Amino acid sequence: MSEEDVSKKNTKLARILLLVAVGMFGFGYALVPIYDVLCEWKWIERDRPDDIKKAPEVAYKVDMSREITIEFMTTLNESTPMEFRSEKKQLKVHPGEYHTVNYYAENKTDKVMIARAIASFSPAVISSFFEKIQCFCFDEQTFKPREAKTMPMRFVINPELPEQYKTITLSYTFFDNTEKSVKK
Amino acid sequence: MSAVVAEHDDHHADEHHDHGPAKGLLRWIITTNHKDIGTLYLLFALAMFFVGGAMAMVIRAELFEPGLQFVDPAFFNSMTTMHALVMVFGAVMPAFVGLANWQIPMMIGAPDMALPRMNNMSFWLLVAGVLLLASTLLMETGAPNAGWTFYPPLVLQPITVGKALPFAVFAVHLLGISSIMGAINIIATIFNMRAPSMKMMDMPLFVWTWLITAFLLIAVMPVFAGAVTMLLTDKFFHTSFFNAAGGGDPVLYQHIFWFFGHPEVYIMILPTFGVASTIIPVFARKPLFGYSSMVWATGSIAFFSFIVWAHHMFTVGMPMAGELYFMYATMIIAVPTGVKVFNWTATMWKGAMTFETPMLFSIAFVVLFTMGGLTGLMMALAPLDFQYHDTYFIVAHFHYTLVPASIFILMAAGYFWLPKWTGNMYNEKIGQLHFWLSAISVNILFFPQHFLGLAGMPRRIPDYAIQFADWNMVSSIGGFIFGLSQLLFLYIVIDTIRGGTGEKVTAEVWEGSSNHSLEWTLPSPVPYHTWTTPPAVVPTEHVLDSH
């Protein structure tokens, strides 16, 4: 093989490998939708913001034989300038029973604030049994300067909830989304 | 070294139609010679080894006693972050690229790397990337301090990020481009430039392991570049890849990062395996045991590295199915790794062994790497990992797989090939002293960290509960001895380049080495240009079992 042939072969191989590298850069980005799709799979037991959608109010048969303790946690992301708390810290409910819990949030700034509450369940598998009929977490909330709101959250625990779950923790985190929402 | 090489080239001027190295400093900037570039890579890596090591000394000094002594917590966190980045991307990876540059063309009978100009560019991009990263140390807001893994949301928070994040991200881009170009070059060299008589299954294992490593690099460095780019756009351009408020997920980052990160740790260890498989047979005076199984083991380790990443994140709240899958998949890696350890041991079995410094470092590597591997197996067990996660146990584990493994083997490679490259013998007495000091102190340094981790000491903290005081002090003392011992290596490298013991070495340097690999059939020191005509016959002692 002459030197020129080798040099041609080298350039060709380098081009192919460069394409592979560029492709892998794209693959890194492709992992984002792939992740979302995989997480929709039934056996992936985790809660996602998208799962938390308005559920229809169905008359379930109330399971009086057991009681579930629900703990309500409220958190502010980083230094979101708000006050945020739930009216109750804890509630004992029977599966199938409808309840409403009020959350209180206040904008502590003199500017309009757009904030988003994101839910998180522990254990995560609960999210598909915790049905919300009304929630401030479905949408972004706009607060006028210094505005305070009382926001109800109406929910039911699906009686199909497996027996082993006796305590559920529901945590809401408020994110200050003003900057991002304005840019959109 | 330049003087020696140049002088030698004059002696053999009639053998080469080409000129020797250019004169002056410019030679090193514009060089396209694989040996020059290899030297640049190795010296740069050595310098970075001491920079990263100095940061480790700051860490160990602060942890010498409980309480805050020397540095404030933010700077301490910068030190852990920068120590990791400098050691991984500035020291270990470039050192292996340097070895590849020097050795691969000589081992396969090629006159140079396939793409010499790109070779020069990859080196200087590496320097640019590391300088960009280092520049953050001078910033008012400090260097990155959220850990080398850059986990969001921590890394995006104003208090930790300062102005350093974009610099670190662009540094990663440059380092990524540099190592991808290096990898492309290595693959092209191995595929297209081999001596016609050398089949793939004749290649020395160092060449094989680097070929596989180069593919890993091309596959995962771009993914890492993508992940940090997403961080950048999340921070400055209002995307929401990892921002829960915008529908993103911080856990996604960990998946993408470790899809890169796990192969990355094999990028640092596979060439290590290659060098060990090169050195051990020479000093055991036997062919490598199980050559083809070594090749296949390397390949399968590389393959498995892509499908085990989430064992770094057992505690994020993965579904049970995921925990089990990643647990079993991870444990499978112990099989090909076990094959390798078995083969090295079998190579030494009944060999006529001598214990020169390179061999000592290699034997220490086999023993201590196995220990690091066993703690890895412990952590592969998902239920146990919940205790070990983010404690000093993991710190002990990965330092065992990097320091007495990758670093020891890099030292071994230095002792093994420096006489070949320079034509001078290193001082064996100081070499042995360096070995024993390193081998003992590295265990004083890292072994107690297992205890600390099991007792619950978290990693990345500048201060700790009082019950961890004793073992931290022991670990720090070990660290200081280890750090100081490395100055002996620096001395030896400089001394050997400048003439060493004065004893001129033979072409073989080590008895019988020319039966193992091609570079030992060249004169010592190696001329500036080698294999301008490919060798007619290639040594095959190392592959006896495959023929």
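In the predicted model, chain B has a radius of gyration of 23 Å, which agrees with the value near 24 Å that a compact globule of 547 residues would have. Taken along the principal axes, the box filled by the C-alpha atoms of chain B is roughly 70 × 50 × 45 Å. Of the 547 residues in chain B, 56% are buried. The secondary structure of chain B consists of 17 helices and 0 strands. When contacts in chain B are taken between residues at least 6 apart in sequence, 82% of them join residues at least 24 apart.

One helix pair of chain B was examined in detail. Helix α4 of chain B (residues 73-108) packs against helix α9 of chain B (residues 250-284) at an angle of about 35°, and their axes are 10 Å apart. The crossing of α4(B) and α9(B) is left-handed. On the side of α4(B), the contact is made by V88(B), V92(B), M93(B), F96(B) and L99(B), while α9(B) contributes I267(B), M268(B) and P271(B). By class, this contact of α4(B) with α9(B) comprises 8 nonpolar residues, with no polar and no charged residues.

Chain A contains 2 helices and 9 strands. Along the sequence, these elements of chain A follow the pattern α-β-β-β-β-β-β-β-β-β-α. Chain A is more spread out than a compact globule, because its radius of gyration of 24 Å is well over the 16 Å that the globule rule gives for 184 residues. The C-alpha trace of chain A spans about 85 × 50 × 25 Å along its principal axes. Of the 184 residues of chain A, 25% count as buried. Among the contacts in chain A with a separation of 6 or more, 75% are accounted for by residues 24 or more positions apart.

Chain A is divided into domain 1, covering residues 1-44, and domain 2, covering residues 51-183. The C-alpha centres of domain 1 of chain A and domain 2 of chain A lie 43 Å apart.

The two chains also touch one another. In this interface, 30 residues of chain B are in contact with 32 residues of chain A. On the side of chain B that touches chain A, the elements giving two or more residues are α7 (164-192), α8 (205-236) and α9 of chain B. The most is given by α8(B), with 7 residues. By class, the residues on this side of chain B divide into 22 nonpolar, 8 polar and no charged.

Technical notes: Residues numbered from 1 in each chain as written. Chains lettered and ligands numbered in written order. Predicted model: local features only at pLDDT ≥ 70, side-chain atom pairs only at ≥ 80, totals over all residues. Axes fitted to C-alpha atoms, helices over the stretch in contact; angles between N-to-C directions. Helix = DSSP H or I, 4+ residues; strand = E, 2+ residues; numbered from the N terminus. Left-handed = near helix turned anticlockwise from the far one by under 90°. Contact = placed C-beta atoms within 7 Å. Nonpolar A, V, L, I, M, F, W, Y, C, P; charged D, E, K, R; others polar. Rg over C-alpha atoms; globule rule 2.2 N^0.38 Å. Buried ≥ 20, exposed ≤ 12 C-beta atoms within 10 Å, placed from the backbone. Domains from an automatic or database assignment.
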